[in-house]
Amino acid sequence: LEEKLIFEQGEPGRTGVDLPDPAPVKSRLGGLARAEDSAIGLPGLSEPQVVRHFTRLSQKNFGIDSGFFPLGSCTMKHNPRLNEKVARLPGIADLHPMQPESTVQGALELIDQCAHWLMVLTGMPAVAMSPASGAQGELCGMMAIRAALDARGENRRRVLVPESAHGTNPATAAACGFTVDSIPATEDGRVDLAAFEAKLGDDVAGIMLTNPNTCGLFERDVRKIADLVHAAGGYFYCDGANFNAIVGRVRPADLGIDAMHINLHKTFSTPHGGGGPGSGPVVFSEALAPFAPIPYVVKTEDGFHMVETADEKDGNKPFGRLKGFHGQMGMFVRALSYMKSHGADGLRQASGDAVLNANYLLARLKTKLSVAFPGYCMHEALFDDDFLKGTGVSTLDLAKAIIDEGFHPMTMYFPLVVHGALLIEPTETETKESIDQFCDAVLSLVAKAEAGDSEFFKNAPYLTPRRRLDETAAARKPILRWSPSNA
Amino acid sequence: LEEKLIFEQGEPGRTGVDLPDPAPVKSRLGGLARAEDSAIGLPGLSEPQVVRHFTRLSQKNFGIDSGFFPLGSCTMKHNPRLNEKVARLPGIADLHPMQPESTVQGALELIDQCAHWLMVLTGMPAVAMSPASGAQGELCGMMAIRAALDARGENRRRVLVPESAHGTNPATAAACGFTVDSIPATEDGRVDLAAFEAKLGDDVAGIMLTNPNTCGLFERDVRKIADLVHAAGGYFYCDGANFNAIVGRVRPADLGIDAMHINLHKTFSTPHGGGGPGSGPVVFSEALAPFAPIPYVVKTEDGFHMVETADEKDGNKPFGRLKGFHGQMGMFVRALSYMKSHGADGLRQASGDAVLNANYLLARLKTKLSVAFPGYCMHEALFDDDFLKGTGVSTLDLAKAIIDEGFHPMTMYFPLVVHGALLIEPTETETKESIDQFCDAVLSLVAKAEAGDSEFFKNAPYLTPRRRLDETAAARKPILRWSPSNA
Amino acid sequence: MRYLPLTQADRASMLETIGAGSVDDLYCDVPEGALLKEPVDLPHHQGEMQVERDMAKLAAKNMGTASAPSFLGAGAYRHHIPATVDYIIQRGEFLTAYTPYQPEIAQGTLQYLFEFQTQVASITDMDVANASMWDGATSCAEAVLMACRATRRKKAVLSGGLHPHYREVTETYCQYSDTQVAGRDGHPEHQATADELDDLIDDQTACVVVQYPDVFGRLSDHTKLAEACHAKGALLIVVFTEAVAFGAIKSPGSFGADIVCGEGQSIGNALGYGGPYVGLFATTSKLVRQMPGRLCGETVDQDGKRGFVLTLSTREQHIRREKATSNICTNSGLCSLAFTVHMSLLGEDGYRKLAAINHERAVTTADALDGVAGVEVVNDSFFNEFTVKLAKPAAEVVEALVARGILAGVPLSRLYPNRDDLGQYMLVAATETNTDEDIAALAAALKEVLA
Amino acid sequence: MRYLPLTQADRASMLETIGAGSVDDLYCDVPEGALLKEPVDLPHHQGEMQVERDMAKLAAKNMGTASAPSFLGAGAYRHHIPATVDYIIQRGEFLTAYTPYQPEIAQGTLQYLFEFQTQVASITDMDVANASMWDGATSCAEAVLMACRATRRKKAVLSGGLHPHYREVTETYCQYSDTQVAGRDGHPEHQATADELDDLIDDQTACVVVQYPDVFGRLSDHTKLAEACHAKGALLIVVFTEAVAFGAIKSPGSFGADIVCGEGQSIGNALGYGGPYVGLFATTSKLVRQMPGRLCGETVDQDGKRGFVLTLSTREQHIRREKATSNICTNSGLCSLAFTVHMSLLGEDGYRKLAAINHERAVTTADALDGVAGVEVVNDSFFNEFTVKLAKPAAEVVEALVARGILAGVPLSRLYPNRDDLGQYMLVAATETNTDEDIAALAAALKEVLA
């Protein structure tokens, strides 16, 4: 069923809210009142129309609740409704960020508790809670490194980033005034230690390393890397996007890391929400802790306080403020609820099950698919498109055919270091049965591809609300909003 | 996508709840403890599985939120989320029915307010709030009539019921020990006044009349009927299923009615919920008020009280108790929220719009479809299957084809007085545009039927989660539960 | 008005199509003078914020069980409801659907009803269950009427351990259908014996109704009673008010019950001041065609795929009219969904463990109260609810505890207003929601009040 | 654990398929000694009821704006959110979806983003808007960086009327990218003039940033400023913190702004103690390829049907890496959905009326406070927020009002901890949620405290 845009459904004079008439008062808009007759262009819909419209739109979406969603590097695990419920508690949802501290002691305690869990789980002594997302967490970590270097009076500007890194890593480094120097990977999908060592020098600010990395592998030389970068006078930034593979089992502090962001929506189940909001707290080593941004919560004898201004008396030299107010409180609530629900034992079980599920999937699929790198994987399994060679079917084609089988496809063409990559992350909240169903479906599609039916794949998917969309046309002549003329 | 039964998805040892181990205490189950090894047979699922299972099941359902749902006589109007929200307020959702009155004054006031709105809207002096549904409301009304007759010492046992009545009417009359005597309808779909008058006699307990009736028509002789039945010593029970057509515009009290139930889920938007729960308060005239069932709320100087025992000191002679505790409180909350939202003006507008929408639909469809009765309709439009004559397409076939157009079909084959009835109720919460879309679709299907494509109709629907289901097989050898043997 | 989409322009154009001059013209059949020209005397429409505020004010005048230690039971029990349950039942596809009359687009509702029926049959240990009734009390009344139909007899024997509301509703339903209701008054200190009702069972008896656990919380084995019934051609109806119990105690089916019915509120449904709740109703395969209410059955579609439909509707009022097995039409659809979702989350292990915790909490509460002077626990056996005898009138004690912020229990005088001999008894229920602090607070407050 | 479906039997059979002896074996690449053998030192798993209870206890230690008259603003505003909004954003198909990388099964997300972009463009009166940023402050910083890219200049001029958090975030973002940030301190009693910033604009200036209404609540026409900017080749960035305002005041687009950005929380999003919120970001067609963040565009599918996709992604980090327009990856998807749903409910009429009510409430509040000795309303103009000067230090007054159950306003000392000259000023915001009783209570309490 087609669902028109709201702009095509509206009627003037119709509304989905009932508001009382304002009392007549003398306007104090300073002569800037919007003219009565200047239409803003918003459509008028009744409440029933709005409910139906968005219900129908939702039915054109696939979420974790809809089925298996093995989108590699995105960690599409179950989003508990308990977390949604507690985030809406009065006393949480209705708090204003600028209330007096005396009226928000519970909120500050909650942030403090969430921070405590993150510090214990990472073994790190400090955490900055305010970053709005993983990308801003990276910014936070790299700015702390920059601030620490500045404090040392050193002009190091080169940051080493593996080729396989997520695009945010180089983008973030650039935003902090660093230049990016790529480190190649070895045959087995890890950092080339020799190449890395060769690149070290006194202009190196540090390394940005994802661990487990974007190939789904644990960087087995991570400690050596840490030692080397430290010895060279640089810092070790770890992209914690894949912390979910090791939470409760490996503490980043034990690996020599100086800063790491944690995607609460990946590791701690806050909802992905169609692309946000995220939350990216950053844990810091002793070396970087003093440079963490404002604001932060401290506990004193008379309660909790939110430090909102750079006060160097406590020895801290915050590099600044990253966000209005003090971070994604709603995500802290959900993440804390998730952490308390699992506990230390459950988090450990969760990471173990995530890795077990991924390796099981790897074991089943490698019978037909070409594995990118040998050995066990961590939380996700990476394949290249060697197995499709000669079939006329591309990674994209296969992925689209998977949609018709009732699954969300894997991540495609990432990481870039692998040709035609397929990155598959089942997560720990999937059953063996659902992984088996997925593997069965993929294996039978591969058989179909091998049988030479590439036409079928080129035109997939067939059963979706839309068939393949013309992305080129969209970019060539962008239509980015509705207007009466393009209706 | 197929969705297995939960029983086919479970694994022993898996659960979707985490419960602490109970402290070790000495069992006091009197020797009736369930044996450890006697399996109950419940499947074990994780929370993510449960969420996904019921999400997927929901996607196989059509509700008001999904689209136009013109199911005649069922009044599928918009269900506001505000009502769901207020029903869940602490202080409402967490009240126990047997709390001391001092702790539930707000709840009693709420019931009293809801009762007040219903009494003012109907013009009636009393209301019994406890009936669990429309059918139980009928029972309540008819029991009050029986009690009143008993109090008068009269042995009247015959109840007059129009042929077009909903099946609950005769079933209810029978449950109260009455016999049912059918009244025929006139050519124009109303009670045949002459036939009715002829049936009156001193054994007549009363009449059960739906008004507006199940043909969607206002019984224009309703006052005469009331006068006649009263003159004959009987009572006038009105089935208020269609009160939504006249609420705020006509008061049943002004028509001479003695008792009428109100379906809160029809007229006042409490959700239909896949078939309940309903709520069917009954308003009473002075004559029947004393016989209303316990419990009921009274207001005195020291607050509100719930009268839960028959105390004839106040002149009341309750016929008994209809339900555990005191009625569908959750539905009172929603209905009151709905009534307050509309107000006296909005309720009047709502009934007017419902009738307007139905007549508009009637006007558009009667160009092709055969109207059952002439003139304006009330809130729903009734057609017979004359227009399908010779096409080989039945009412059922047409309805199934309508499903593929994205609409819920109308009510079929009811009322029984019309051949192959199609009863279409758009309700006031639909736009003109959605009615137009529906009419366009129906008219084009009729054209298709006339063009002789009956095979297409016989096999419809095509696009649904299931095609036509074999109801005969289901009834012949009923399978009413899952068991390992029929898996 | 936010729910009404028609604009004045729509209305004008629609009236034109209809050929009517005004909406009032459409009401031309309303008798002279009965058509109101103005809105009735009630407040006018209000915005969502104002309505919510008004309702919240009413809510704030109550003392809810979530904000006080609460030991109330007597047929309605406070349990923890997982957030998942409320999420699922609020999904529009379930909330705003109607009775699955069009099975092709109602497989969601139909499949969960089939799962619900299976769950109910499983916990009661019966062959089949229906798709729900209104509540426990009406289920009980319908069970008695069903037994009369099935046996073609007109006498029902009700145990003194039956909840008074269930008894009253049954009496109300039977009073105009020539069905005689017999039985004995119950008392918490006169332990029901296996044969207390034997002498009331005769060859006119359609059924015997017992509650298990009974209204005072006691547990009895009704195997012998079932045999006594069957010997006389009568049916045994086992009624329950606490659906969690069957995770810990022997099933009614194992006694040989013919009909098992009761209240399903405890699983998935909020207290909500008494409703809506969900009546559970199970019976044997033999009696299925006498069962009231909707039934969902398995079948296949045109393509041979498994699907579900409402079935055996020839029992029902919309087909059989005055000859129907019951006048029931709507059931408790959404409440049965809540039951099904919660039960699915629990599963075998969770359901049993929940029951074990409930029993443990009740035993712990009983032990704590036994140590209070002026309180005597009268039950020998119980699941999660028991009766205490107090040194003062129970209703007064309950009020005194309200002043201390505690919702103590249900005084028997509330259930039996005309039984002076029960004034000092109180029902105390404990569930997984009662903490050790709750129990200690109850004991301490009782000690104070009874000193 | 309720979220983890694997049974011990599953695990064993999967390890066998893998050919590993234990889960620990799969972690063989972890350096010696770093693999923990036991759980870390944190509490173990807890059931839903216990977690909910713990969280509720923390919540109960706060005094929420729903339970007290509240006049807090300064960049976050309490508005009524229709129940429909929260229902829609909780639907699993929206809540648990990810970035619409597979447009064939993400048209729901994509279509609402397209609607969102259109709504934002409409209320700001700009050509195009993106699919949201993290919040108003980061939008402001990104706007400045965008202006620098677009003009290839490295100097930003910030108005003294800009919210201090927005200024600080912008400074933080600029500090390591060689961008100079200039500007003047603001003061609520030094009325911004149209030309206050003119002398700071030179041919190195990338942009001028003004807030409208400004942080003190004042309204200025920035048409001349836009002209001054454009004359020097600089861009005008108009920032806002209250998205409701544009229903009542002239649009930033009508001034000739090049970028309009700010906070969208007011529409559909709860206060939530500061986040997550939703940054709105609009610009001209000319500058669209310099815009940061995701963009949704219209296209057609293989069958020629209209559909939506993420587009112009060559601006973004996952393609351009260190050359991207921003490092932003996730946006505020679900918050933008809340915005879209609420805005759809409002529509043209509702949005304008909501703004009118907000202004009326603020005027009524200002009038009430003007009558209190020791309170002086300093604004000439305002929308729904204004600054008052108090006879005592504002922070102390606010604390004194907390003791009286009132959340009065935001003392400027909270926003400007280092500005001794602002200690007696307080920001007061009023919205449709403030009743006459709230306003009277505030005035009465202020009278008491300032007496």
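Predicted model: local features only at pLDDT ≥ 70, side-chain atom pairs only at ≥ 80, totals over all residues.
## Extent of the B–C interface

The interface of chain B and chain C involves 214 residues of chain B and 201 residues of chain C. The two chains bury about 17100 Å² between them. Carbon and sulfur atoms account for 61% of that area. On the chain B side, the residues that lose the most area to chain C are Arg28(B), Leu32(B) and Leu480(B). Together these three make up 5% of what the chain B side buries.

## Polar and charged contacts between B and C

Between chain B and chain C there are 106 residue pairs in polar contact, counted where both residues have pLDDT 80 or more. Helix α10 of chain B, residues 329-365, gives the most to the side that touches chain C, contributing 26 residues. By class, that side of chain B consists of 101 nonpolar, 65 polar and 48 charged residues.

The interface of chain B and chain C also holds 16 salt bridges. A salt bridge links Arg467(B) to Asp303(C), with 3.3 Å between the closest N and O atoms.

## Relation of chain A to chain B

Chain A is superposed on chain B by a rotation of 180 degrees, with 0.0 Å of shift along the axis and an RMSD of 0.0 Å. The two copies are therefore related as by a two-fold rotation axis. Within chain A, the C-alpha nearest this axis belongs to Gln59(A), at 3.9 Å from it. Both copies use the same surface, as 100% of the contact residues of chain A recur in chain B.

## Domains of chain C

The domain assignment divides chain C into domain 1 (83-343) and domain 2 (348-450). Their centres, taken over C-alpha atoms, are 28 Å apart. Contact between the domains involves 25 residues of domain 1 and 24 residues of domain 2.

Domain 1 and domain 2 of chain C bury about 2000 Å² between them, with 59% of it on carbon and sulfur atoms. In domain 1, Glu189(C), Phe216(C) and Val244(C) lose the most area to domain 2, together 24% of what the domain 1 side buries. The count of salt bridges between the two domains of chain C is 0, while 8 residue pairs are in polar contact, both residues at pLDDT 80 or more. The side of domain 1 that touches domain 2 has 15 nonpolar, 6 polar and 4 charged residues.

Methods
Residues numbered from 1 in each chain as written. Chains lettered and ligands numbered in written order. Heavy atoms only, no water. Contact = heavy atoms within 4.5 Å. Buried area = accessible area lost by both parts, 1.4 Å probe. Salt bridge = Lys/Arg side-chain N within 4 Å of Asp/Glu carboxyl O. Polar contact = N/O pair within 3.5 Å; in protein donor to acceptor, adjacent residues only side chain to side chain. Helix = DSSP H or I, 4+ residues; strand = E, 2+ residues; numbered from the N terminus. Nonpolar A, V, L, I, M, F, W, Y, C, P; charged D, E, K, R; others polar. Least-squares fit on C-alpha atoms with pLDDT ≥ 70 in both. Domains from an automatic or database assignment.
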